[in-house]
Amino acid sequence: MTGRVLNFGCRLNTVEGEVIRGHLAAAGADTIVVNTCAVTAEAERQARQAIRRLRRENPEARIVVTGCAAQIRPESWAAMAEVDRVVGNQEKLEPATWASDGPRVAVADIMDARETAGHLVTEFAGRARAFVQVQQGCDHRCTFCIIPFGRGPSRSVPIGEIVRQVRALVEAGYREVVLTGVDITAYGADLPGRPSLGQMARRLLSLVPDLPRLRLSSLDPVEIDDDLWRLIGEEPRLMPHLHLSVQAGDDLILKRMKRRHLRADVIRVAERARRLRPDIAFGADLIAGFPTETEAMAANTRALVEEAGLTFLHVFPFSAREGTPAARMPQLAASLIRERAARLRDLGARAARAFYAGRVGREADLLAERDTGEGHTEHFAPARLIAGRILPGAIGRVRIAAANDDGLLAEAV
């Protein structure tokens, strides 16, 4: 057996999983690493289930657990008989962690972290798009979120380091790069000169002219800076798809979540973006069944999907995280949370179908991600070739011939 990494959760874990994979290879370590997520109880349950399965299938393997869940509650993972070692989110990125045996639990205080380590990742196993970490941690304290305690304070990667990584990825053949982090609209506040996310993205695109496609991970609706607005309106290499961290569409719930926006802010952002780029598409994170949410409040969130024109919904049933203020609020019944999540997901499915139907007969640029011709268009719409061929990792012009519940059916032009 060679080193393996199983990632759960966000794109940042994907990037860090590749860093770990490189360290394992350099050390020649026969280790299975489970890189956990702590966003929901379900994410933790899936990781524990995976660890037990891995132990059954690999009785002699060395299993190490890391990631946000391990950072926040290392003792609970160390208590699992299947686990050999637990390491923290800082330690997992250090070569020395994987080069030799260390303490069974190696988890430092993440709140002391002040820097982001510079890791040059030029290969993402099985992926046609690459992810670049530009920011780490979060200084905000949304009442439902445990992640700041897993990731530490907000800290940014210097622009020069980002440019170096993206250049290397383009040279390695990647045609699309996604800038990722925990709270990327907080980018730059800790750097000299306090460059904004938009300023960094503008410089990146200028300094790496051969990069065809740039995407951004989740954005806080009220923290889109002026430079980023200009890029949205003027830069075709910035893809016409924004994913917004919305969470709810009711103002009282948003205040109880301690979010920085109201529902009207989401609508204004969507309207401004459409004025600048009329064909832009929006994704959104939404939480169903937040404590104290009434049916009228839930209806406000559903109404926002249509009012703001949100297309691709990531719906999370509320999951109480021990240690967060929301866990101490009056909770809804689990059955009601599931019902509201199902209604939001159904609404999202209908919005996506309507978007797919509206693309039929048009042309698009498809990044092929598999030999089967599956990939994503510039709007991040899933598409599959039914005629012609585009090599995996390449971008080709296609005509949208049809659509179904799963996405678009395309013909190479």
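**Cavities**

I looked up the second largest cavity and found a volume of about 50 Å³; I note at the outset that I am working from a predicted model. The structure holds four cavities of 30 Å³ or more. Rolling a probe the size of a water molecule over the atoms shows where empty space is left.

I then listed the lining of the second largest cavity, which consists of Ile287, Ala288, Glu293, Ala298, Thr301, Arg302, Arg340 and Leu344. By residue class, this lining divides into four nonpolar, one polar and three charged. Strand E12 (281-288), helix H12 (295-308) and helix H13 (334-359) each supply at least two residues of that lining. Which of these elements gives the most to the lining? I found that H12 does, with three residues.

While I was at H12, I also checked Ala299, which lies in that helix.

I next turned to the second largest pocket, where about 370 Å³ of space lies. The pocket is lined by 20 residues, and those nearest its centre are Arg370, Glu374, Gly375, His376 and Pro382. Strand E15 (374-377), strand E16 (382-387) and strand E18 (407-412) each supply at least two residues of the pocket lining, and the lining as a whole divides into seven nonpolar, five polar and eight charged residues.

**The five-stranded sheet**

I traced an open sheet of five strands in the order E1-E2-E3-E4-E5, with parallel pairing. E1 and strand E5 (105-106) stand at the edges with a single partner strand each, so one side of each is left without a neighbour in the sheet.

Strand E1 (residues 4-7) is joined to E2 by four bridges, in parallel, and Asn7 stands opposite Asn35 in E2. On the other pairing I followed, E2 and strand E3 (residues 62-67) run in the parallel sense over six bridges, with Thr31 opposite Arg62 in E3. Helix H2 (residues 41-57) packs on this sheet, touching E1, E2 and E3, and its direction makes about 170° with that of E2. H1 also lies across E1, E2 and E3, running at about 170° to E1.

Is strand E2 (residues 31-36) mostly covered or mostly open? I found six of its six residues buried, so that, with buried meaning under 20% relative accessible area, I recorded E2 as mostly covered. In a regular strand the side chains alternate between the two faces of the sheet. In E2, Thr31, Val33 and Asn35 point one way, while Ile32, Val34 and Thr36 point the other way, and all are buried.

**The three-stranded sheet**

Last, I followed an open sheet of three strands in the order E6-E9-E10, where the pairing is parallel. Strand E6 (130-133) and strand E10 (213-216) stand at its edges, each with a single partner strand, so one side of each has no neighbour in the sheet. From one strand to the next the twist averages 25°.

Strand E9 (residues 176-180) runs parallel to E10 and is joined to it by four bridges; the bridge partner of Val178 in E10 is Arg215. Helix H1 (residues 11-27) lies across E6 and E9, running at about 95° to E6.

Note on methods
Residues are numbered from 1 along each chain as its sequence is written. This is a predicted model: local features need pLDDT of at least 70, side-chain atom pairs count only at pLDDT 80 or more; totals for chains, interfaces and linings use all residues. Side-chain values use heavy atoms; hydrogens and water are left out. On a 1 Å grid over the protein atoms alone, a cavity is a set of points where a 1.4 Å probe fits but cannot get out, and a pocket is an open set with protein on both sides within 12 Å along at least five of seven lines; lining residues have an atom within 4 Å of a point. Grid points are joined across faces, edges and corners, and a volume is the space filled by probe spheres set on the points. Ala, Val, Leu, Ile, Met, Phe, Trp, Tyr, Cys and Pro count as nonpolar, Asp, Glu, Lys and Arg as charged, and the others, Gly among them, as polar. Two strands pair if DSSP finds at least two bridges between them. Axes are lines fitted to C-alpha atoms, for helices over the stretch in contact, and angles run from 0 to 180 degrees between N-to-C directions. Contact means heavy atoms within 4.5 Å. Buried means under 20% relative accessible area, exposed over 50%, partly exposed in between (1.4 Å probe, protein chains only).
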